[in-house]
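Have your viewer ready, with selection by residue number at hand. We will go from one stop to the next, and each stop says what to pick.

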Amino acid sequence: MKEENKLYLAHIAKDGRTQTVLEHLEGVSKRCAASAAAFGAEEQGRETGLAHDVGKYSGAFQKRLRGGPRVDHATAGAFECLKLGQPFAAFAVAGHHGGLPDGGGQGDKPDAGTFLGRINRAKKGKLDDYSAWTQELSLPAAAVPDFLKNDKLAGMFFTRMLFSCLVDADYTDTVEFMDGQAPDVNETPSTEHLWERLQAYIAGWFPPKGKLNARRCAILEQCIREGRRRAPGLFTLTVPTGGGKTVASLAFALAQAKQQGMKRVVYVIPYTSIIEQTADTFRKILGPENVLEHHSGVLFDLDRDGELTPEAERLARATETWNTPVVVTTAVQFFESLFSNKPSQCRKLHNLAQSVILFDEAQMLPLPYLRPCVWAMAQLAAHYGVSAVLCTATQPALGPLLREFAPELSIEELCPMAAEDWDAFRRVTFRRAGKLTWDALAGQLQEQDQVLCVVNSRKAAQIVFHGLIGEGNFHLSTLMYPAHRKAVLTEVKQRLLDKKPCRVVSTSLIEAGVDVDFPAVYREEAGLDSILQAAGRCNREGRRSPEESIVTIFQGEDKPHELFAAAIGAGRAVLDRFADIASRDAVHTYFSTLLDLNGPAAQDKQGILSLAEKEFFPFRTVAERFHLIDDESTVTVYIPRGDGAELLSRLRAGECSRNLYRQLGHYGVSIYQNHWRDLNQAGVLEPLGDGAYVLTDLQLYNDSTGLYMKAEGGRANFI
């Protein structure tokens, strides 16, 4: 029995104030229910919030508050939820501190870290007595949504969303009590306000001047009409390069959000080279205070004392919750959060409900994770009030997958265009040059004043670049740190404007959203989507006729890496079959062929979906398997040049902050493990103790080509 008048405490603030467990549970329950209401799970949220800390009613936890040993207080709440037939709430409660566990099996021992192992610990009476909770509260009955019955995959997704509500509510309530005041939350502007800002921005576009602008405005108006009349669902937005896709897609999203009372717009982009450009555009339209740019390379403004400015601090906090009107983020950040089991990554997920989510350049979703990614899109659209919009000039053949995962939803094209309208945006002419040696390729590039050449490997980029002579020759690859590449691109853009000689040899990094305009482009054979992305750098502004803007497709002298073999094979098939490889039929054929060549297994290389169907809620294992970018295969080497030298000095002096590492990211080069071994054996790397290194011999970093990996004693293998 609970001692009469005894208070069970959840928190003790530094100033001595106390919060009872009941006060905390009721506060978290209220917040959790409000968040879960966005996807029809208010009662589930209420129950989860009330149950999450009932383990704090134990004497052991009360001693912990005053310096005693650590106590597992989460398993108790999970056990109580499971006794009520609430497995989703039980998992959310079990993981609200350490992360969602694997489900495990019925025979798991009590000391196992699995969910059922912990439940068996409770069944065997090995938890500290927490029974006093029953004298202060009772858990409400919560109906389980019908769509979760007999669908394990949907159950895992729902659990993550419920987990997100709980983690956010728990953190918010705790911080509010410990700080002694409600958090400073700026009032979120209405979609009506954002819509008015967009209208002011585009007002000068009407009436449009010229045929091309008239077509762009027609696409924009079509997207606005569709936004006003469409309920949330699955959509494609297929707009040719130069059609104004970025602003048109935002217009659809804001029109629909305003009409349907939706909460926010999330723009998901494959690469940071595109995200910065898109976020800048949105900030100009909507105001910087309304746009959150969230990716690994984003930097928040500092004041003179090196502290975050108030606005930057607000945005930095918003990266944890995405509680802003417009979020611009990467596919890596978005999808890895959806498949994570960690509280920090999952905290923001509930704010995706009732959002318009635009997937820019959707064709760039990594093939080995395609099925899990499309499945997640389908879940959001089918059950969480989301509009999922696939935006691209080269629409992938994802219709069959979406229909497989969400058969109850139709997939609507927002801007169907007649062939002649599509052809009006044609800016280039394609030609095939067959096989070229690197020397022959360099010779052809040398004959032109302004030309871009994109090759498939860093090794090829360096060889071709060194084959050029005279002024105005540039090299771009990931062997150059980002700040260096940015400086080179700035000079390239200026030379193009000044009509000075400008020959650029680059890897594919220049293809995705980099705003350059060359009169001619050479592209080594690759997937059709890559070829068309490279073509988007030719006659980008439409100042020349398509007939004089040539994109030359060639075979390089090196055998393609096996990773590119299927894409190149599918691309060649389309090149052989279609006269116009940029047509919608050609693009659709390419993606269909590519998916058929690889098959379903290659579209879920880590077996994410099959594992989730076979095992009992394997949250931890799925999170370990799901990584769109294999960070473990590369090592970061920081280059102490320019501002990078000063940043590294601060790091060596003991400064350690997220902002410092974000700034340092602009001076880092990622290299493969074999290259790291070569440089390390040559004694030119200084370890930093966090898995990264500093280049100590700056003679190995070239102003033109970046990091040179053939250090004395090294073997210089390139990929």
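**A walk through the model**

Start by selecting P240, which sits in the loop between β3 and α10. Bear in mind that this is a predicted model. Is P240 buried or exposed? With a relative accessibility of 6%, P240 counts as buried.

Next, follow the chain into helix α10, residues 245–260. Helix α10 lies across β3 (234–238), β4, β7 (355–360) and β8 (387–392), and runs at about 165° to β7.

Those strands lead us to the sheet. Colour its seven strands in the order β5-β6-β4-β7-β8-β3-β9; the sheet is open and its pairing is parallel. Which strands form the edges? They are β5 (291–294) and β9 (411–413), each of which pairs on one side only. Look along the sheet for the twist, which averages 20° from one strand to the next.

Time for some charged side chains. Select D168 and R347, a salt bridge whose closest N and O atoms are 2.7 Å apart. D168 belongs to helix α7 (residues 152–179) and R347 to the loop between α14 (343–346) and β7, so this pair ties together parts 179 residues apart in sequence. Both D168 and R347 are buried. Then pick E226, R229, R230 and E412, which salt bridges with shared partners join into one network.

R17 and D15 form a salt bridge, with 2.9 Å between the closest N and O atoms; R17 is partly exposed at 29% relative accessible area, whereas D15 counts as exposed at 57%. D146 pairs with K149 at 3.2 Å between the closest N and O atoms, and D146 is exposed at 61%. The count for the model comes to 33 salt bridges.

Finally, zoom out to the whole protein, with its 28 helices and 21 strands. Its radius of gyration is 28 Å, close to the 27 Å that the globule rule gives for 719 residues, so the protein is as compact as a globular protein of that length. The C-alpha atoms fill a box of roughly 90 × 65 × 50 Å along the principal axes. Hide the surface and remember that buried residues make up 54% of the 719.

Technical notes:
Residues are numbered from 1 along each chain as its sequence is written. This is a predicted model: local features need pLDDT of at least 70, side-chain atom pairs count only at pLDDT 80 or more; totals for chains, interfaces and linings use all residues. Side-chain values use heavy atoms; hydrogens and water are left out. Two strands pair if DSSP finds at least two bridges between them. Helices (H or I, at least four residues) and strands (E, at least two) are DSSP runs, numbered from the N terminus. Axes are lines fitted to C-alpha atoms, for helices over the stretch in contact, and angles run from 0 to 180 degrees between N-to-C directions. Contact means heavy atoms within 4.5 Å. Buried means under 20% relative accessible area, exposed over 50%, partly exposed in between (1.4 Å probe, protein chains only). The radius of gyration is taken over C-alpha atoms; the globule rule is 2.2 Å times the number of residues to the power 0.38. A salt bridge is a side-chain nitrogen of Lys or Arg within 4 Å of a carboxyl oxygen of Asp or Glu.
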